Each structure stands twice: as structure tokens, then as C-alpha cells.
Amino acid sequence: MNKSIALMTIKQLWNRPVRLVLLAGFVGFPLLIDVMNRQMGFKDHTSSAMVIINTSMFVLIIGAGIIGQDISDGILPLIFSRPIKRWQYILTKWLAVAFMASIVAFLNLFIHLLFAHGFTFELVKGIMPFDLAQIVLLAMGTTSVMLLLSSLLPGAADVGVILLVCAACFVITILQHFFHVPGMEDTAMNVFAILFPSFDLGDIHSLRQLLSIEIGRYFAVVLVCLSGSVLLVNEKEFSYGSN
Amino acid sequence: MVPIKLNSTRATPLLMRILPALGIGYLAACFAAQSYLSAQKIDLVEWVDLKKAAEISKKLDKPIMYDFSAQWCGPCQALKQEVFGDKTLAKQINQMFVPVQVIDRVREDGANLLEVDNLQKKYKIDSFPTLVVMKVGQSDIRTQTGFKDKETTKEFIRGTLAWSMKGANPYDVDWKNLDDVIVSSHKSERPLLILFWDERKEYSRYEYLANKDLVKVIKENFVPVEVTVPIKANDFKLAESKDLVDKLAVKRSPALVIVPPDGGVPHFQIGNSTYDDNKDFLQKYLRFSRK
């Protein structure tokens, strides 16, 4: 892990106010729903599971153009003019974005529980170690997919591709509802599982369950994405002479 | 292609090159293991340690299911393969009971552990396999001695669930035929609650509906109707029934559809939702309709 690149990645977030506004929006929206529910006399709160799923959105916002933006801004040739290994740059970016997204997701969960329960024992009970680990897993998984897409595409086009695939999945689901094609029921779910890799830690009760397809898919996607992005960045020419 | 030197900025550690292959290999192993497990039908029940069972039972408010068996016992192996290896039944057992395996070791070791002996005496076990379902703090128990076939055991499990759940039994709801309900529709001002259910799917009705409040809400506020999936299997006699089901156009099961009595817009809950989600769905509809 390269400390300078990690710090640079964190600073990049603060230097882009649009991202901060979007983050605030995604933290604030579930709270707004909860406030409205309260005012309408409902006792329901947005579930913690829903709050955790928001982690993917935080990764999309924080990690948009994780490599592509550095290329478009001309930062990468500067970085690689120093003796920094490309795989170190990629792993550092991966960890830094996943770390930031996890921190925002933790805060989001905390604020959500605080709103739901106030400063009571329920608040402490609500913060399950599993939930925290689940957030980190999801953040690391989604960041790795973004890394691969970002090493292929310029600027923040990685987010565009992800949103496009999500929209396609939505259309497939709707079409599937009207024109039912046998065997295609879970297509959208499988695509989502690859775009936002994660697995339910609560499902692991024995060693045998470590051989579940969800866990295998998570590690396969994450490792292939990380290695693929190193391979792709290694193939690119970033010296000033290349222009 | 120019070979990359070790100190080059493009050099990649060997581990980074091997790991993706390992990841894909692991995924392949997972697929192989899953297909092997489903082919072998090995025990899929998540057995709980005998010493912790009572505590877990109290905490989760679930009855304990003891499986008294022995390694040498043939019917015990058949029970394991046929029942505990069945995905649906195993899931049902895992969800609704605290399953505990009590294995007799007299033939192998000459004696049993004290707690195994005590349990065998307490429930007067004289043959294997024997299934005993009990609730902590209650003397009433349900027992199945021996293993006849899968269907009998399935019925035993279903009956035991009904006994242990009391008001939360989804089979307590009198799901009616759509034709019958449409004929008598002028008598009721309650909304219809149509359950689209496919018995062939591995999803359990207990996961979907076994909640005391949910069963109560259905009984008190709705006219419950069950439509079998595939729809063709229902053989509706009335054109209104066919029209209604066609209009709802539910393509996935399980599904719950609320059809308001005043001809308002139907409300849908489609897919493998849990009983908590279904309860929320019905309660939200009732709150809104009252407003």
C-alpha cells in the first residue's frame, strides 16, 4: 500500500463537491423516508439491510473514474514517472476507495440507527459486527469491479456502464414479467451479483458452507477484476512521449 | 513482446498472477461441490450441539427436534438420505426447529455419554431412528418411531409444525377457491387476498406465511384465495375468475395480490419475500385503505 496514493485518493473525494452532495443525498434520502413515516404515524424504519445495500452506491460515487479520471486528468503519467509499481497503485486505489466507502457506510448505518432508536441500548445492539463486515465485503467487491471497468474506460465512464447494465437488467426483469422465458428468471440477479459482489456472512455456519457458489463467485470476481485491471494498466503507455 | 524486468514499474508479483486462477478454480470447486451435494443428498440439516440446544431453543422460541440414531442403523441412514438430504425438508427443519442429533455409541464404544443416556431414558427410546419434538418447559411432546418412508416423515414434520406453532400455522388459513369466492362475493366487503403458489418450487409455505400476526391479519381482514401455479392447473369454471387472473397477469410465484372490494387498483407482493415482509405488505395496505 502506497501512503501518498491513498492520501491523494482521499483528497480527490473532497475536491469534488458533486460527489459530496451525492453522498449526502444517499445518506439523507432513507432518513427523509423515515421522517415522513414518523409524521404519517408509521413506526417503520428503513431496515439496516437496505442501509447496507447503499454501500454500493457510495462506492459508485466515491470511486467514479477510479483510474480513468486519473488518466483523463493527466495524473497517471506523473505518478508513473516515479518508481511506483503499477500493481501497487491499483491495490492502493482499491483499498483507499473501499475504505472510504466503508467509513461512509458505517456512518450512514450509525446515523440511521441513531434516528431509529435514539441514544439507547438498542442503538448499540443494532450495530452488529456482521453488518460491519458485510459493509466491508460489499465495498471491496464493488470497488474491484469499478477498477476493472475504469482501467478500460476513460473518465467516469465506468459508472455510466454500471448504470447502463443496471437499466438493462431492469428492462430484462420487466420483459421477463410479460414474456416469461424459462431459465431466464435469475438473469438480472446474476448480473447484479457480478456487478456488486458480496455474500451473506450470516449464511456461514459450517466449513461445508464455504463451498457455496456465492462465496466462490465473490472471490473469483474480485481476484479476476484486480488482476485484470493490473494487466490492462500494464499494457497502457503513460510516458509523456506517448502523446 | 518485450520481457518485463523484475524492477520495472510494470512488474507484477507472481501471487497476483496466480490468484485469479485460484479464484476461478475455487468457484469451479464450489459449483462441483454443490452439484455433488445435491446428487449425493447428504445431510443438509444444520445440527446444533446437544449442550447448547435448550439455550438456543429458548432464545429463538423454537421447539427442539431430537434425532435419536446410530451409525450401524440402516433406517437411520435412509432417514438421513431421504429426509435430511432433501433441500426443502432440511430447510424447513433448520428454520422451524432447533435440530439436535443424539447418536447412540453403545455398539462402538461400549457406553454413551451421560447426556445421551439421560435423553434416551427421558424419552424412553428403545429403537432407532426416533424423532422427538419438544418445547422447553412443556411436557407435551411429539414422537415418530422408526422410518417408514419420506412422505410419512414429511407429514409428521408438517403436523408437528402445526402443533408447535399454534396460531402461526399457515395451514390454519382457509384458502378458498376463486370460483367459490366470486359466486359469494356479494356477501363480503373484505378485499380478496390471492396467493399464487407453485407447489413444485422449493420455497416453503412456512417461510412465506408462518407468522402469528400475519395469519391473524389474513383471517380478520381478507378473503383468502389460493391460485395454483401454473394457472392452467386451476380449471376455473367461471369466466370472471379467468378474467381476474388474466388481468392480474402474475408471472412469478409465490405472489400475494390484494384485490380491493371496490374495484380499486390491485396491490402486488411478488417473489420470495419473508413472512415479515408479507405482514408489512398487508398491514400497510390496511392502514392506507382505512385512511
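Start in chain B by selecting B:Pro230, which is found in the loop between S6 and helix H11 (239-248) of chain B. The model is a predicted one. Look at the peptide bond that joins B:Val229 and B:Pro230: the bond is cis, with omega about 5 degrees.

Next, go to the loop between helix H6 (114-122) and strand S3 (130-134) of chain B, where B:Pro129 has its place. The bond between B:Phe128 and B:Pro129 is a cis peptide bond, with omega about -5 degrees. Stay in the loop between H6 and S3 of chain B and select B:Lys124, which also lies there. B:Lys124 is not a glycine, yet has a positive phi of about 50 degrees.

**The sheet in chain B**

Now show the strands S6, S5, S7 and S8 of chain B. They form an open sheet of four strands in the order S6-S5-S7-S8, and the pairing is mixed. Which strands stand at the edges? Strand S6 (223-228) and strand S8 (267-270) of chain B do; each has a single partner strand, so one side of each is left without a neighbour in the sheet. From one strand to the next, the twist averages 15 degrees.

Zoom in on strand S7 (residues 255-259) of chain B and S8(B), which run antiparallel and are joined by four bridges.

H12 lies across strand S5 (192-197), S7 and S8 of chain B, and runs at about 175 degrees to S8(B).

**Helices of chain A**

Switch to chain A and select helix H8 (residues 129-152) together with H9(A). Their axes come within 8 Å and cross at roughly 115 degrees, and the crossing is right-handed. On the H8(A) side, the contact is made by A:Met146, A:Leu149 and A:Ser150; on the H9(A) side, by A:Asp158, A:Val159, A:Val161 and A:Ile162. Colour these by class: five are nonpolar, one is polar and one is charged.

Keep helix H9 (residues 157-178) of chain A and bring in helix H10 (residues 187-195) of chain A. The axes of this pair come within 9 Å and cross at roughly 160 degrees. H9(A) and H10(A) are therefore roughly antiparallel to each other. How does H9(A) pass H10(A), in a left-handed or a right-handed crossing? The crossing is left-handed.

For the side of this contact that belongs to H9(A), select A:Ile162, A:Val165, A:Cys166, A:Cys169, A:Ile172 and A:Thr173. H10(A) contributes A:Thr187, A:Ala188, A:Val191, A:Phe192 and A:Leu195. By class, the contact of H9(A) with H10(A) has nine nonpolar residues, two polar ones and no charged ones. A:Ile162 is worth a label, as it is listed in the contact with H8(A) and in the contact with H10(A).

**A salt bridge in chain A**

Last, display the side chains of A:Lys93 and A:Asp70. They meet in a salt bridge, 3.0 Å from N to O. The two residues are 23 residues apart, and the pair links distant parts of the chain: A:Lys93 is in helix H6 (residues 86-117) of chain A, and A:Asp70 is in helix H4 (residues 68-72) of chain A. How many salt bridges are there over all chains? The count comes to four.

Technical notes. Residues numbered from 1 in each chain as written. Chains lettered and ligands numbered in written order. Predicted model: local features only at pLDDT ≥ 70, side-chain atom pairs only at ≥ 80, totals over all residues. Heavy atoms only, no water. Axes fitted to C-alpha atoms, helices over the stretch in contact; angles between N-to-C directions. Parallel < 35°, antiparallel > 145°, perpendicular 65-115°, else oblique. Left-handed = near helix turned anticlockwise from the far one by under 90°. Contact = heavy atoms within 4.5 Å. Nonpolar A, V, L, I, M, F, W, Y, C, P; charged D, E, K, R; others polar. Pairing = 2+ DSSP bridges.
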